[in-house]
Amino acid sequence: MTQNNLHDYEKEFAKEAEYLDFVYKKMLQSRDSLDAFVKEAREDGLAFVQKMSEDVRVDFSSFSDNMDTFSTIEMKNREIDQMNSRIISAEKLLENVKRSLDAPYFGKVDVDFLEDEEAESFYIGINSFDDDNYAKFVYDWRSPIAELFYNNTTGESAYEVNGNMIEVEIDKRRQFVIDKDTLLKFFDTSVSIQDDVLLEALEQDSSSLMQDITSTIQSEQNVIIRDTKHPIILVNGVAGSGKTSTIMQRIAYLLYSFRKEITSDNILILSPNEHFVSYISNVLPSLGEKTPLNMTLLQFVGRHLSMELEDEQTYFNRISSHEVPKQTEIIRSASFIDFINESEELILQHMDFFNPVLRKDKEIVSTEKILKAFEQTPDSSPLIARIQATRQLLSSNWERRMTKLAQKPNVIDRVMSLPESLQQKFFKELITDDSPQTINKYAKRYVHIQYSQVTRDVRGLAWINLQGIFEKIYFAYTQEVYQFNPDGILNIDEAVVFIYIYNRFIEKLSLTNMRFVLVDEVQDYTEAQIRLLVSLFPKSAFTMVGDENQAIFNANIKFQDIINNFSARSENVELYQLVNSYRSSGSITRLFNRLATNNDEWEIVPIRPAGNEPKIIKVETKADNIKLLEEIHQELDGKALTLITKTMVEADELEQLLGQELLDRLNLTIIPISLSKGLEFDNVLIHNASNDNYHTQRDKRILYTASSRAMKNLYITFSDSLTEFLQA
Ligand SMILES: Nc1ncnc2c1ncn2[C@@H]1O[C@H](COP(=O)(O)OP(=O)(O)OP(=O)(O)O)[C@@H](O)[C@H]1O
């Protein structure tokens, strides 16, 4: 900086510091008055409710008095509702102001609207902030004008408001580093070539919970976050390109942009594993939004099936193995799903897919009765409609049967002779009147309670033999009998097909309230799983992110096949490619760039400085291993080291071999690659990168995934000879 520039900078600094001081004080005032309002309103609310109970004279002595009493209660209730909603919105504002006090804003754009007036300054923060006179001091990062800040340019620019593009000129774009009311630094885009604020953010140590990236969102990420034009978005992004971060910011953006139409209940996130579910749980609350339904596909599928499903560990072991049973490969394929779609005739050929409804092993509704009911339904209707009609018939038949049952002398006798304790248990009161009408009323309730499971089974379609339908379709497709696990536990591939069949032929699962579905690590889905999502959420907008180079399981899908499997929906899939990598130091990024299989099409761009070179070390014995771990522990000054293995078995064995005491002393965590997906750690050691452990194309992708988990330091060990993928 020249002397003049320095002087200008200082002058500008003083001006910005003054503005910050002004906004911060306004925020403090706002916090205090909101605080006082909320406290007072709560106290008043209590007093109000007390007063109301005194005011409302409950008079039920005549019809007109009843009506008066009801309408007074109704009016008072409305007042309480209004008061509550005032308190709730004040509380939300208060929360926002409190959050903003940590750093009132992080950016500014000076916008020239190409009119006569001078350029206007817009400060951008995590929330908007205005005062009672509606002067806007800070704009929410999701507001339309903030797009200009994220476009990361000066000069000609444009932003969209309600579908209209507004052309403007950006005179200045400024980033701030602020701690509460102290301005630490600022940078102007026009003078700084590299993004120092971003680099500083990337220098932070890893944490056990994911952090939001609001103040440093990059322009290529911003386009995805703000894309509300395309209903189906697919992002192919290299490791560390911010796919998960983009998804989280996008959710916050959608909740803001569609705040009149949706809440977090209309959004579903599908995460790669249970640990990841909690890893990302912090981001949206830190932005003042509620986390939507966030679960793994396994958990999601489990919610829609009453059968027992494999657990996460079994699932990962299964998809990590080299061999895939032929029958699994078949039921994962799109062509099998196509065949299911055409199977209505096949199912109807032999009506043998009903189960009797049982109670204590006794048949209550026989398959013959179910079949008879089914045959009464119009055979011109589709199967799904006939099943629903059969359910109605069976339910009303069953209600009639229960009414008759309640009139039987033995039931009446049993009810009359119930000891008082059982009367209390069943009816929550004692039978004080033994007139026939009263006893009959109790007998009906008694029968309903005794047969409640049957009622549930009839209504809940437990009489449909889903497994039978599955077996029939599978046999017709392969001429072979499908072999289920003898312990009766379904794996996710089977469960996916069961739900697909259920939704297609038995009952539409009503998931229509999900307006947005966001899928992370989409390369690990099968075609059948993608088809299931397409059929369960026909109207939802999808955002899917993944990395073909991280397809490390035997369950995976090519991006072109994702696009093909969405072809049932007429909208095009919008494809984005992200190649900037933000997580790892430059030299680690360059190492995993060499492992990317398709990098003749594009190169991964490291954003962080080079940092320490990855170290590749030969270790032959257990003693070598321990010695090395001790050395690394010293080198890292006792900081945590994460050791990544290729398989779960290897992780377990190593844990046994080293022992918990040593692991604790060395601050060492061992984790298989399957469970470290999506996560990141400061220091990583990849265990046993020998040629015999890493030699297939899939192994190469595993190495790529494992090395891209490291942010600062990467160590790689091998025993005999190093994998050829890492040889110079
Ligand atoms: N614009 C950004 N500003 C600051 N940090 C960022 C930005 N984009 C990404 N990061 C950081 O880079 C790291 C990787 O981000 P994220 O986990 O979202 O990437 P990813 O593409 O999902 O990674 P992977 O596929 O390798 O698991 C995180 O620490 C994230 O905070």
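**Close-up 1. Residues 73–100 form a span that is 100% helix and 0% strand.** The end C-alpha atoms of this span are 40 Å apart. Helices (H or I, at least four residues) and strands (E, at least two) are DSSP runs, numbered from the N terminus. UniProt lists residues 73–100 as "coiled-coil region" in an unreviewed entry. UniProt positions follow the numbering used here, feature names are shortened, and annotations may be inferred rather than shown by experiment. The model is predicted: local features need pLDDT of at least 70, side-chain atom pairs count only at pLDDT 80 or more, and totals for chains, interfaces and linings use all residues. Residues are numbered from 1 along each chain as its sequence is written, and side-chain values use heavy atoms, with hydrogens and water left out.

**Close-up 2. Residues 216–585 carry the UniProt annotation "domain: UvrD-like helicase ATP-binding" (unreviewed entry).** The span is 50% helix and 11% strand. Its end C-alpha atoms lie 18 Å apart.

**Close-up 3. The ligand sits in the largest pocket.** A pocket is found on a 1 Å grid over the protein atoms alone, as an open set of points where a 1.4 Å probe fits, with protein on both sides within 12 Å along at least five of seven lines. Sitting in it requires more than half of the molecule's atoms to lie within 2 Å of its grid points. Helix H4 (196–203) and helix H6 (243–257) are the elements that give two or more residues to the ligand shell. H6 provides the largest share, 3 residues.

**Close-up 4. Of the 22 residues around the ligand, Thr216, Lys243, Ser245, Glu680 and Arg709 come nearest.** Near means a heavy atom within 4 Å. By class, the shell has 8 nonpolar, 10 polar and 4 charged residues. Here Gly counts as polar, and Asp, Glu, Lys and Arg as charged.

Close-up 5. A polar side-chain atom of Thr216 lies 2.7 Å from a ligand nitrogen atom. For Ser245, a polar side-chain atom is 2.6 Å from a ligand oxygen atom. At Gly240, a polar backbone atom is 2.9 Å from a ligand oxygen atom. The protein covers 95% of the 630 Å² of accessible area (Shrake-Rupley, 1.4 Å probe) that the ligand has on its own.

**Close-up 6. UniProt lists a "binding site" (unreviewed entry) at Gly237, Val238, Ala239, Gly240, Ser241, Gly242, Lys243 and Thr244.** Of these, Ala239, Gly240, Ser241, Gly242, Lys243 and Thr244 are included in the lining of the largest pocket. Lining residues have an atom within 4 Å of a pocket point. Gly237 belongs to strand S8 (residues 232–237).

Technical notes. A polar contact is a pair of N or O atoms within 3.5 Å; within protein, one must be able to donate a hydrogen and the other to accept it, and residues adjacent in sequence count only if both atoms are side-chain atoms.
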